[in-house]
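Have a go at each task before reading its solution.

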Amino acid sequence: MELSDAVVAHLREVADRPDLTGTRYDLEREIGRGGMGVVYAACDRELDRRVALKVMDAALCGEPRLMARLEHPAIVPVYETGMLPDGRVFYAMKLVSGVRLDAFLESDASLAERLRVIQRVGEALAFAHSRGVLHRDLKPQNVMTGTFGEVYVMDWGVEAVAGTPAFRAPEGACDTRSDIYSLGALLQVAVDRLKPVPQLRAIAAKAMTPNPAARYPDATSLLAEIERFQNGFAVEAYPESPWETGLRYARRSAVLLWLLAAFVTVKFFLFFLRSR
Amino acid sequence: MKAMNKIVVGLVFGLILGALDGATAWFYPEVRSMMTGIMVGSSFKGMLVGLLSGWYARKVQSTGKGIVVGSVLGLLFAFLVAAMQNAHYLEIMLPGFVVGAIIGFLTQRMGTPAAEARRQN
């Protein structure tokens with residue numbers, strides 16, 4: 001008996017499905033596949049809620065413990081971890097509804113919205129670094145943007161993951177500065193499609209300097225640079241010309257300049273009114 | 001300036017801008033003899049606007065509302081000054097209105113908000 005390709009594909013998919021016998025979850029569908037495992041949408045029968053279930057390829061894996069240590073608004077919370085009958089580790093986490101950052105950046109999101117996402121990612125990174133945790137594979141595919149503006153950084157790195165080429169630091173070694181490189185690459189991608197903003201490009205370039213020592217020392221410093229840009233201050237990474245400095249001051253103080261101009265105009269108007 | 005209380009910011013800029021506003025009376029030869037009185041009065045008016053704008057800025061953080069409140073206060077005090085003389089309404093009220101707006105803006109942008117000041121204490 002010959003089986004059609006569709007039947008074979010279906011059988012393969014069914015065979016690949018993890019056996020959740022003995023757990024409180026019902027499998028729904030596969031929603032993602034990464035270097036360390038497969039993520040499924042599942043239903044928690046006991047709490048009657050949908051969760052994301054990550055089934056790891058390796059029998060032993062520290063990723064859930066790593067993530068559970070990171071309680072932060074921009075890091076997906078882990079609900080539970082366990083072991084499947086076949087010995088593989090799984091963990092249940094919040095099911096985030098929204099779009100991945102790569103899709104978000106393809107949209108017509110404004111510069112402010114893009115920077116807000118990068119800032120949330122940077123804050124999560126700074127928090128993780130303060131807890132001694134590295135991401136190791138920060139890229140748009142590992143960031144989710146929710147429908148209500150929430151941002152989640154996912155797939156916190158483990159030893160086996162070496163990063164994704166375009167977002168991986170050239171030195172190969174993983175430390176906080178290699179995560180800074182990835183954050184800079186993320187910023188570059190975020191502003192790439194928009195009208196060029198030299199200050200932001202300079203910030204991204206500094207974060208992505210081949211020499212790790214020349215990068216920002218931590219995520220907080222990079223975020224502070226972005227905030228300086230947003231508030232109309234000079235950024236350290238971008239040496240501006242006197243003309244640009246003047247323009248920046250004028251933009252920052254536009255309201256005050258208009259009010260002073262109004263004062264001078266009123267005075268001139270009254271003076272000429274009287275002298276007529 | 002950031003560490004300064006918003007009320008102090010209002011008083012300082014009210015004094016400076018009020019004095020500047022009063023000093024422009026020098027361009028009118030007929031009132032040059034009263035320059036001292038005009039400058040003191042104008043500075044005092046500016047300081048009153050600054051005091052109230054600074055107090056408002058401690059309560060409400062909104063540049064737009066700060067400008068509106070400052071300009072209304074400037075207009076009100078300028079009207080009172082003009083009413084005391086019962087003359088020069090336009091010459092006193094129009095600049096008073098704009099100076100009030102500037103003071104309202106500056107008190108919103110500069111100085112420490114009330115909550116932050118409490119934390120620092």
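Two strands count as paired if DSSP finds at least two bridges between them. Helices (H or I, at least four residues) and strands (E, at least two) are DSSP runs, numbered from the N terminus. This is a predicted model, in which local features need pLDDT of at least 70 and side-chain atom pairs count only at pLDDT 80 or more, while totals for chains, interfaces and linings use all residues. Residues are numbered from 1 along each chain as its sequence is written, and chains are lettered from A and ligands numbered from 1 in the order in which they are written.

**Exercise 1. Work out the strand order of the open sheet of three strands in chain A.**

Step 1. Start with E6(A) and strand E7 (residues 143-146) of chain A: three bridges join them, and they run antiparallel. Gly98(A) faces Gly146(A) of E7(A) across this pairing.

Step 2. Go on to E7(A) and E8(A), which are also antiparallel, with three bridges. Here Met144(A) is opposite Tyr152(A) of E8(A). Four residues lie between the strands of this hairpin, and Gly149(A) has a positive phi near 90°.

Step 3. Contact means that the C-beta atoms of two residues, placed from the backbone, lie within 7 Å.

**Exercise 2. Describe helix H3 (residues 63-85) of chain B.**

Step 1. Check its span. The 23 residues of H3(B) reach 33 Å from first C-alpha to last, close to the expected 33 Å; the expected span is 1.5 Å times one less than the number of residues.

Step 2. Look for buried residues (20 or more other C-beta atoms within 10 Å of their own, with C-beta atoms placed from the backbone). Among them in H3(B) are Gly66(B), Ile67(B), Leu73(B) and Phe77(B). Their cover includes helix H2 (35-59) and helix H4 (89-109) of chain B.

Step 3. See what follows H3(B): Asn86(B), with a positive phi near 50°.

**Exercise 3. How does the radius of gyration of chain B relate to the globule rule? Do likewise for chain A.**

Step 1. Take the radius over C-alpha atoms; the globule rule is 2.2 Å times the number of residues to the power 0.38.

Step 2. Chain B has five helices and zero strands. Its radius of gyration is 15 Å, close to the 14 Å from the rule for 121 residues, so chain B is as compact as a globular protein of that length.

Step 3. Chain A has nine helices and eight strands. Its radius of gyration is 25 Å, whereas a compact globule of 276 residues would have one near 19 Å. The C-alpha atoms of chain A fill a box of roughly 105 × 40 × 40 Å along the principal axes.

Definitions and conventions: A residue is buried if 20 or more other C-beta atoms lie within 10 Å of its own, exposed if 12 or fewer, and partly exposed in between; C-beta atoms are placed from the backbone.
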